[in-house]
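Thank you all for coming. I would like to walk you through one structure this morning, beginning with a term we will need along the way.

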Amino acid sequence: MRNPLETEMRPSLNQELVVRVSPVWRRCAALLIDFLVICICAACLWVSGTGFPSAIPVAQYGVLDHLVSILLHQSRALGLGIGYTLLIMLPLHSVFQARLGGTLGETLLRVKLVVRSGRPPTLMHALLRSVTQVILSALLGLGLLWLLVDPSRQTLGDRLCGTWLICRT
């Protein structure tokens with residue numbers, strides 16, 4: 001009987017490749033690391049004043065007070081924050097996944113993104129996966145919740161794109 005943590009991927013020539021699917025805790029920890037990196041990058045762009053006028057001088061109140069003030073008093077600030085986050089996340093995730101087989105968090109936690117053949121995804125495949133993950137995350141985390149009930153431990157975005165997150169050997 002096969003271990004439930006393993007899955008079969010079929011490369012060409014009808015060969016079977018058995019790999020260990022990444023545990024949920026590793027995926028969540030990698031997601032948290034990636035989220036923190038993206039938030040730091042977006043906050044740096046945001047605080048630098050790139051793209052919108054600054055209402056309060058940063059030096060007078062501090063960075064955190066500045067961000068809170070912007071969120072409370074400028075209606076377009078939240079939209080710009082989300083825009084900066086997506087502007088950083090989509091290309092960054094796609095390039096890392098296509099070139100290195102995973103994002104910074106996934107690389108640190110020894111998780112690798114592969115397609116059915118066991119190879120890293122192409123840049124277009126990784127970009128499609130990133131866009132799908134963003135859309136499904138916007139739908140109340142539907143893609144991530146799918147991970148908890150899926151027998152092959154794929155998010156809904158992974159299932160739609162034909163990708164798996166596996167443990168690096």
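A residue counts as buried when its relative accessible area is under 20%. With that cut-off in hand, please keep in mind that what we are looking at is a predicted model, whose protein chain has a mean pLDDT of 76, with 67% of the residues reaching 70 or more. Over residues 1-5 the pLDDT is below 50, and this stretch has seven contacts in the model beyond near neighbours in sequence. Residues 51-56 also stay under 50, and for them the model has 17 contacts beyond four places in sequence.

Let me start with Gln-97, which lies in helix H4, residues 77-100. Is Gln-97 buried or exposed? Its relative accessible area is 1%, and therefore Gln-97 is buried. If we leave aside the neighbours within four places in sequence, Gln-97 is in contact with a list of residues that includes Gly-102, Thr-103, Glu-106, Leu-113, Pro-120 and Pro-121, and also Ala-126, Arg-129 and Ser-130. Its C-alpha atom is separated by 8.9 Å from that of Val-114, which is 17 residues apart from Gln-97 along the chain.

Not counting residues up to four places away in sequence, Ser-130 touches Met-89, Leu-90, His-93, Ser-94 and Gln-97.

Two of those names, Met-89 and His-93, come back when we turn to the largest pocket, as they are, together with Leu-31, Gln-133 and Ser-137, the closest to its centre of the 26 residues that line it. The volume of this pocket is about 640 Å³, and helices H1 (24-47), H4, H6 and H7 (142-149) each supply at least two residues of its lining. Which helix gives the most to that lining? That is H1, with seven residues.

Finally, the strands. Strand E3, residues 111-115, runs antiparallel to E4, and five bridges join the two; within this pairing, Lys-112 has Ile-166 in E4 as its bridge partner. Strand E4 spans residues 163-167, and five of its five residues are buried. Both faces of E4 are covered, with Thr-163, Leu-165 and Cys-167 on one side, and Trp-164 and Ile-166 on the other.

Notes:
Residues numbered from 1 in each chain as written. Predicted model: local features only at pLDDT ≥ 70, side-chain atom pairs only at ≥ 80, totals over all residues. Heavy atoms only, no water. Contact = heavy atoms within 4.5 Å. Helix = DSSP H or I, 4+ residues; strand = E, 2+ residues; numbered from the N terminus. Buried < 20%, exposed > 50% of the residue type's maximum accessible area, 1.4 Å probe, protein only. pLDDT = per-residue confidence, 0-100. Pairing = 2+ DSSP bridges. 1 Å grid on protein atoms, 1.4 Å probe; cavity = no way out; pocket = protein on both sides within 12 Å on 5 of 7 lines; lining within 4 Å. Points joined across faces, edges and corners; volume = space filled by probe spheres on them.
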